[in-house]
Amino acid sequence: MLARHFLALFAYRHGRPSIALDEDAARAIAADRWPDNVRGLRQTIERAVLLGNGDLMLSPATAEPAALAPDLSLARNEESLITAALERHAFNVSRAAAQLGLTRAALYRRMARYGL
């Protein structure tokens, strides 16, 4: 139930299409121990919404989104989030920044950090 709430919340917040949570993914989420509890689930769902193509696919063995790196470190995934947003908006920095919830200046700093 919480995963479905986060899916709807982040799809709305980031202007993405709604993502359906299939039964296999729901079982995988319920079966995982979620060491970070709600925060870990929230971050995983938000990354899936930002990087996903409209379907949330979780591996039953790991409960990790298939489109993400195996770790849940935001710092390690930030470059891929930024790259995905830029590609999605044809490198229009204003639109990518809005989707990521950043100002243009903040996005430019991150782009410089990663050499984008």
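**Reading a predicted helical model**

The protein has an accessible surface of about 7,000 Å², and 54% of this belongs to carbon and sulfur atoms. The model is a predicted one.

Student: What makes up the secondary structure of the protein?

Tutor: The protein has six helices and zero strands. Along the sequence, the pattern reads α-α-α-α-α-α.

Student: Why is the contact between Arg 4 and Glu 23 called a salt bridge?

Tutor: A salt bridge requires a side-chain nitrogen of Lys or Arg within 4 Å of a carboxyl oxygen of Asp or Glu. The N to O distance for Arg 4 and Glu 23 is 3.8 Å, so the pair qualifies under that cut-off. Arg 4 belongs to helix α1 and Glu 23 to helix α2, so the pair ties together parts that are 19 residues apart in sequence.

Student: Why does Glu 78 count as buried?

Tutor: Buried means under 20% relative accessible area. Glu 78 has a relative accessible area of 15%, and therefore counts as buried.

Student: Which salt bridges does Glu 78 form, and what makes them one network?

Tutor: Glu 78 pairs with Arg 110, where the closest N and O atoms are 2.7 Å apart. Glu 78 also pairs with Arg 113, at 3.2 Å between the closest N and O atoms. These salt bridges share partners, and they join Glu 78, Arg 110 and Arg 113 into one network.

Student: Is Arg 113 buried or exposed, and how do you know?

Tutor: Exposed means over 50%. Arg 113 has 55% relative accessibility, so Arg 113 counts as exposed. Arg 110, at 22% relative accessibility, counts as partly exposed.

Technical notes:
Residues are numbered from 1 along each chain as its sequence is written. This is a predicted model: local features need pLDDT of at least 70, side-chain atom pairs count only at pLDDT 80 or more; totals for chains, interfaces and linings use all residues. Side-chain values use heavy atoms; hydrogens and water are left out. Helices (H or I, at least four residues) and strands (E, at least two) are DSSP runs, numbered from the N terminus. Accessible areas come from the Shrake-Rupley method with a 1.4 Å probe; for residues, only the protein chains shown count as cover. Buried means under 20% relative accessible area, exposed over 50%, partly exposed in between (1.4 Å probe, protein chains only).
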